[in-house]
Amino acid sequence: LVEAIHASDPAMVTVALRKQIQNRMAAGQSFWEIVRDTKRALLPNTAGCYTSKEALNTALMAREIFQTDFLKLEVIGDDQSLQPDPFALVEAATELVKRGFRVLPYCTEDFVLCRRLLDAGCEVLMPWAAPIGTGQGPRNPRALRELRERLPDVPLIVDAGLGLPSHACQVMEWGFDGVLINTAVSRAINPVYMATAFAAATRAGRFGYLAGPMA
């Protein structure tokens with residue numbers, strides 16, 4: 001884990017608080033010390049929450065434990081695909097912003113949902129490329145590209161469903177501002193190599209976008 005984090009040189013490392021609590025206290029403390037020692041900014045998340053109330057309670061605990069107002073907000077609406085619940089997501093985001101959180105919601109590429117989240121006070125959006133853990137890459141490229149075009153000034157981070165470095169390069173070439181990677185690295189035969197590859201692909205895609213590709 002530590003080698004993969006250093007190899008990818010991420011801006012932030014996300015930590016699922018609920019998964020931490022379910023482990024034994026000693027194991028959880030050991031894991032927390034490992035992550036803290038990487039000296040990376042932390043982005044607590046509400047993975048595993050199915051209601052806005054559940055997400056709110058988890059967020060409050062996360063802020064107390066990790067001492068940060070940044071939060072990756074997840075409110076799951078479907079067990080099979082882990083697709084976000086759009087109604088509970090907006091409800092939770094609205095309340096969390098009122099309480100001073102800097103909310104980064106995990107959402108779909110639906111423009112209306114994204115607009116509602118921005119109206120709720122979110123400054124950054126994290127649309128999926130495909131369902132969590134599938135590694136399929138962008139399943140709806142047209143919608144993702146249209147989202148980027150219609151929200152040119154909003155930071156957009158593609159979260160979930162990227163399985164290959166080429167997927168990361170692709171969305172970065174479209175003008176997205178970053179990617180969040182977990183399963184593609186953790187399930188690789190060599191996670192450190194995969195983390196290195198994703199870092200290189202992300203930078204390549206960003207430079208490709210900034211270069212102004214030919215029509």
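The largest nonpolar core of this predicted model has 33 residues, and those with the most contacts inside it are Leu73, Leu96, Leu117 and Leu125. A nonpolar core is here a set of buried Ala, Val, Leu, Ile, Met, Phe, Trp, Tyr and Cys residues joined through side-chain atoms within 4.5 Å, where buried means under 20% relative accessible area, exposed over 50%, and partly exposed in between, for a 1.4 Å probe and protein chains only. At least two residues of this core come from each of helix H4 (52-66), strand S3 (70-73), helix H5 (86-98), strand S4 (102-107), helix H6 (111-119) and helix H7 (141-150), and H5 gives the most, with five residues. Helices (H or I, at least four residues) and strands (E, at least two) are DSSP runs, numbered from the N terminus.

Leaving aside neighbours within four places in sequence, Leu73 is in contact (heavy atoms within 4.5 Å) with residues including Ala55, Leu89, Leu96 and Val103. A second, separate core of nine residues includes Val15, Trp32, Val35 and Ala62. In soluble globular proteins, nonpolar side chains tend to be buried together.

The model is predicted, so local features need pLDDT of at least 70 and side-chain atom pairs count only at pLDDT 80 or more, while totals for chains, interfaces and linings use all residues. Residues are numbered from 1 along each chain as its sequence is written, and side-chain values use heavy atoms, with hydrogens and water left out.

Strand S1 (residues 12-16) and strand S2 run parallel and are joined by five bridges, with strands counted as paired if DSSP finds at least two bridges between them. Ala16 has Asn45 as its bridge partner in S2, and four of the five residues of S2 (residues 41-45) are buried.

The structure also holds nine salt bridges, each being a side-chain nitrogen of Lys or Arg within 4 Å of a carboxyl oxygen of Asp or Glu. Three of them are listed here.

| Salt bridge | N to O distance |
|---|---|
| Lys72 and Glu74 | 3.1 Å |
| Glu95 and Arg99 | 2.9 Å |
| Asp177 and Arg148 | 2.8 Å |

Asp177 lies in the loop between helix H8 (165-173) and strand S7 (178-180), whereas Arg148 is in helix H7, so the pair ties together parts that are 29 residues apart in sequence. Asp177 is partly exposed, with a relative accessible area of 40%, but Arg148, at 8%, counts as buried. Salt bridges that share partners join Lys72, Glu74 and Asp159 into one network, and both Lys72 and Glu74 are buried.
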